[in-house]
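Good morning, and thank you for coming. Please look at the structure on the screen while I go through it step by step.

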Amino acid sequence: MRLGRRRNAEADGRGRALPGRAAARLRPRLPRTPQGRRRAVQGVMVACVLGLAPATWMHSVADARVRTAADAPARQVAVVFGAGLWDGKPSPYLANRLRTAAGLYRDKKVKVVLVTGDNSREEYDEPDAMRTFLVRHGVPDSRIVSDFAGFDTWDSCVRAKKIFGVDRALLVTQGFHVRRAIALCRAAGIDAYGVGVDAKHDATWYYGGTREIAAAGKAALDALFKPDPHFLGPREPGVETALAADPR
């Protein structure tokens, strides 16, 4: 009897034994009838379609507006999204975005660069680090405008439109992020094209691409419900002033 009971028992993960019936109740129950199995397959298919719908929407809205730096249309404003700091300086991914934006300025594709990033803590200031980098790469300080409350892509797009008055822009970011940026800025009312910056396909790149699958869901909700950003505030004339001062 004892041997039979042991054979009919399973561990519960904490060293205790569960009776055979209790262990069976913990196992997922698969449909036994053809109709049940068909419904299960249909449920999985519906879940997959719903899961992929945001990414499908994002690509349909943005694919035709992705450009390289060489074939990007001229716009007055380039928007560069923050991508983290290392020891107070732009991360390699952010540095590549900024180099591309500086190139667009030199090639007279844009007149003003709006840098948008996180400055929620005194010791962490993405926009100032981005400004310093751009100045070192030939963009005049007077042609750079800082948005210190670009906490995510949606916030950056809404603030570019409502706070800085940007109606048309080139968005500068990595290829894995550029479609989401285009889709959200268009939803915010900006006629946007995106420049997909080349990047080494390292662990960060693969992480970013994977993260975009989940981020597409939030992006779709943001585009649908159009929530206010974390901080809105009064209209700022920085972009308008910089454009008025540009002699080109």
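Let me begin with Asp 222, which has its place in helix α8; helices (H or I, at least four residues) and strands (E, at least two) are DSSP runs, numbered from the N terminus. Is Asp 222 buried or exposed? Asp 222 has a relative accessibility of 8%, so it counts as buried. Buried means under 20% relative accessible area, exposed means over 50%, and partly exposed lies in between, with a 1.4 Å probe and protein chains only. With neighbours within four places in sequence left aside, the contacts of Asp 222 (heavy atoms within 4.5 Å) are Trp 154, Leu 184 and Pro 227.

Residues are numbered from 1 along each chain as its sequence is written, and side-chain values use heavy atoms, with hydrogens and water left out.

The predictor's confidence in each residue is called pLDDT and runs from 0 to 100. Its average over the chain is 83, and 74% of the residues score at least 70. Over residues 1-15 the pLDDT stays under 50, and the model has twelve contacts for them beyond four places in sequence. Residues 44-50 also stay under 50, with zero contacts beyond four places in sequence. Where pLDDT is low, the predicted coordinates should not be read in detail.

Now the overall architecture. The secondary structure consists of nine helices and ten strands, and of the chain's 248 residues, 41% count as buried. In what order do the six strands of the open sheet stand? The order is β3-β10-β9-β4-β7-β8, and the pairing is parallel; two strands pair if DSSP finds at least two bridges between them. At the edges stand β3 (66-67) and β8, each with a single partner strand, so one side of each has no neighbour in the sheet. Strands β4 (residues 77-81) and β7 (residues 112-116) are joined by five bridges, and Val 77 stands opposite Val 112 in β7.

Two helices lie across this sheet. Helix α7 lies across β3, β4, β9 (168-174) and β10 (191-197), at about 155° to β9. Axes are lines fitted to C-alpha atoms, for helices over the stretch in contact, and angles run from 0 to 180 degrees between N-to-C directions.

I turn to the rings. The structure holds two aromatic pairs. Rings of Phe, Tyr and Trp (its six-membered ring) pair if their centres lie within 6.5 Å; planes under 30 degrees apart count as stacked, over 60 as edge-to-face and the rest as tilted. Tyr 93 and Phe 176 form a tilted pair, at 6.1 Å centre to centre with 40° between the planes. This pair links distant parts of the chain, Tyr 93 being in helix α4 (residues 92-106) and Phe 176 in helix α7 (residues 175-187), 83 residues apart. Tyr 93 is buried, with a relative accessible area of 11%.

Phe 151 and Phe 231 form an edge-to-face pair, at 5.8 Å centre to centre with 65° between the planes. Why does this pair tie together parts that are 80 residues apart in sequence? Phe 151 lies in the loop between β8 (144-147) and α6 (153-162), and Phe 231 in the loop between α8 (203-225) and α9 (238-245). Phe 151 is partly exposed at 27% relative accessible area, whereas Phe 231 counts as exposed at 52%.
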